[in-house]
Amino acid sequence: MTVSERDAFENAMIADMRAHDGAVTAGPMTGQPLLVLTATGARSGQARRSILTYTRDGGDYIVAGTAGGAPTDPAWVANLRATPVVSVEVAGMTVPATATVLDDGPERDRLWEQHEAALPWFAEYPAKTGRLIPMVRLTPTT
């Protein structure tokens, strides 16, 4: 998939989400809990968006840095490390949030287990990636 094809796919998915209060109604991501994370690029300083599957932990949104099973963390994780102030678009609303990247430890493990229980297809990612997948807590600030 070329960059322009990927951008067109993402733009169409985001338009679908916005038209249906955050729900994707067409394509391979139909029915999955998705949010749009907007962060600042660590090197570019430009706004960068990522469409991510999430779970909830209390009032926070939880996402996993799986990179689709790649051996390295996704670029958006580096962006959050550099600038943890983000915007989260979910369920038809946009909220400012603070990102906390959890690389290891009992809280990271608890969030991974909770994420995997809610989204069972995530169980295959640790073996695919060959790395400990970071978990990210997105805490709304308003």
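## Salt bridges in the predicted model

With a relative accessibility of 41%, R81 is partly exposed, a class lying between buried (under 20% relative accessible area) and exposed (over 50%), with a 1.4 Å probe and protein chains only. This is a predicted model, in which local features need pLDDT of at least 70 and side-chain atom pairs count only at pLDDT 80 or more, while totals for chains, interfaces and linings use all residues. Residues are numbered from 1 along each chain as its sequence is written, and side-chain values use heavy atoms, leaving out hydrogens and water.

R81 has a partner: its side chain forms a salt bridge with D73, meaning that a side-chain nitrogen of Lys or Arg sits within 4 Å of a carboxyl oxygen of Asp or Glu. D73 is partly exposed too, at 32%.

| Pair | N to O distance | Relative accessibility |
|---|---|---|
| R81 and D73 | 3.5 Å | R81 41%, D73 32% |
| E89 and R18 | 2.7 Å | E89 16%, R18 54% |
| E107 and R110 | 3.0 Å | E107 31%, R110 34% |

What does the bridge between E89 and R18 tie together? E89 belongs to strand β5 (residues 85-90) and R18 to helix α1, so the pair links parts that are 71 residues apart in sequence. E89 is buried, whereas R18 is exposed.

E107 and R110 are about one helical turn apart, 3 residues along helix α3 (residues 106-118). Helices (H or I, at least four residues) and strands (E, at least two) are DSSP runs numbered from the N terminus. E107 and R110 also belong to a network of salt bridges that includes D57, D60 and R137.
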